[in-house]
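Here are my notes on this structure, as numbered points. Please read them beside the coordinates.

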Amino acid sequence: MNKSKTFGSMLIIAGTTIGAGMLALPLASSGLGFGTASVIMLLIWSLMAYTALLMVEVHQFAPVDATLHTLAYKLLGRKGQLVASFSMMFLFYALCAAYIAGGGEQIHSKLTGWFALDLPMQAGAILFTLLIGTVVAIGTHSVDFINRSLFSLKLVALVVMLFLLLPHVSVNNLVELPVHQGLVLASLPVIFTSFGFHGSIPSIVRYLGKDTKALRWIIVVGSALPLLIYLLWLVASQGVLTQSTLMNSQSLNGFISSLSSLLHDPMIANAVSIFADLALATSFLGVSLGLYDFLSDLLKRSKTAGHRVQIAGVTFLPPLGFALFYPQGFITALGYAAFALVVLAIFLPVAMVASQRKQQELEGYRVKGGKAGLIIVTLAGVLIMLVQLLQMVNLLPAVG
């Protein structure tokens, strides 16, 4: 086992998971209380780690450079490949829309606060999209260079933020019970989306090789690190702010403002704000680059300047349109992303493993649980989708 590659792969899993979705967790779980929110996180982490291990089982009998498209075609046929492709595009567009909405809000807040500019909210979304879109359109090297710098700064900001917030935690805030039982279900889509890392598994397999033992270790440890950080983040946010304050925050900027006004410490507000900016930027860079490359391959465009501009337009204009017409839609867009993530991270791995186990009687790694495990995981995915549908028709309370 190459220890350097193993450690690097764990960081890829953790880095993919710890992104802008983390910022939505205090708002999504605001009415749950720390205890209930922690239990839900543990359950969802277990679900996502299990389905990621299913992907390892699938990859062991495929070429080392196999992508989700080739795996879906091999095991599920042309229809399965179409479902995988559509779900991937839907997920990428939904996540990009969420990041533009959140990042645009942050930029607008700083432009109006620091420079006293009277700008519409949409101006922040346009500027944020232009900045990230330019980096992505230049090429992968520019994304890699800037992303490394931003990710390092993000980790520093995270440590500073937790160091400043934890001394202000109140035990009374942490022991509060759910305000409404419906909120327990309503929080599932956003929390579920915050644990999505399955898109990086083919890249890790290609990087590390088909070392099943190492891949299992990487997935369990790499996904457990975000779980630990998320729990610390919940302690810091829910321990400092009461349920009513969190539920009234409604947006990222409102959440940061609530912390600032309650603690009267500009350093805390600045640390949270900086982390929010960096988390949104790094997440948006990674997701939009993936969407850009996917569309470039799908549309068979070359690397000429004209074609790069065309692909950039197809990549960024649709999610930007969402952010312009619905600038407060950060939480909502993450919820919609849950639809596609359920397909990519639950339904497709279950279907491919079930197909592979029928087609091949090969000795190798097999995830424990058998058919019962696959059924339970599938039912969990159906529940998350059902919750999102009920929220869309206002039969369940919204979160955030």
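1. Start with Ala 186. Ala 186 is buried, at 0% relative accessible area. Buried means under 20% relative accessible area, exposed over 50%, and partly exposed in between, with a 1.4 Å probe and protein chains only. Ala 186 sits in helix 8 (residues 182-186). Helices are DSSP runs (H or I, at least four residues), numbered from the N terminus. Ala 186 and Val 387 are 201 residues apart in sequence, yet their C-alpha atoms lie 6.4 Å apart in space.

2. On the basis of the values. The model is predicted: local features need pLDDT of at least 70, side-chain atom pairs count only at pLDDT 80 or more, and totals for chains, interfaces and linings use all residues. Residues are numbered from 1 along each chain as its sequence is written, and side-chain values use heavy atoms, with hydrogens and water left out.

3. On the core. The largest nonpolar core has 129 residues. Such a core is a set of buried Ala, Val, Leu, Ile, Met, Phe, Trp, Tyr and Cys residues joined through side-chain atoms within 4.5 Å. Leu 165, Phe 192, Phe 195, Trp 233, Phe 255 and Val 272 have the most contacts inside this core. Take Leu 165. Neighbours within four places in sequence aside, Leu 165 touches Trp 233, Ala 236, Val 240, Leu 259, Leu 263, Ile 268 and Val 272. Contact here means heavy atoms within 4.5 Å.

4. On aromatic pairs. How many aromatic pairs does a search of the whole structure find? The search finds four. Rings of Phe, Tyr and Trp (its six-membered ring) pair if their centres lie within 6.5 Å; planes under 30 degrees apart count as stacked, over 60 as edge-to-face and the rest as tilted.

5. On Phe 86 and Phe 90. Their ring centres are 6.3 Å apart and their planes are at 40°, so this pair is tilted. Phe 86 and Phe 90 are four residues apart in helix 4 (residues 68-114), so about one helical turn separates them. Phe 86 is exposed, at 60% relative accessible area. Phe 90 is partly exposed, at 34%.

6. On Phe 128 and Phe 284. This aromatic pair is stacked, with 5.3 Å centre to centre and 25° between the planes. The pair links distant parts of the chain, 156 residues apart: Phe 128 is in helix 5 (residues 121-138) and Phe 284 in helix 14 (residues 266-298). Both Phe 128 and Phe 284 are buried. With Phe 316, Phe 128 and Phe 284 form one aromatic cluster.

7. On cavities. A cavity is a set of points, on a 1 Å grid over the protein atoms alone, where a 1.4 Å probe fits but cannot get out; lining residues have an atom within 4 Å of a point. Grid points are joined across faces, edges and corners, and a volume is the space filled by probe spheres set on the points. The count comes to three cavities of 30 Å³ or more.

8. On the lining of the largest cavity. Ile 13, Val 56, Ile 201, Ile 204, Val 205, Leu 215, Ile 218 and Ile 219 line the largest cavity. Helix 10 (201-208) and helix 11 (212-240) are the elements giving two or more residues to this lining. The lining divides into eight nonpolar residues, no polar and no charged. Ala, Val, Leu, Ile, Met, Phe, Trp, Tyr, Cys and Pro count as nonpolar, Asp, Glu, Lys and Arg as charged, and the others, Gly among them, as polar.

Note on methods: On a 1 Å grid over the protein atoms alone, a cavity is a set of points where a 1.4 Å probe fits but cannot get out, and a pocket is an open set with protein on both sides within 12 Å along at least five of seven lines; lining residues have an atom within 4 Å of a point.
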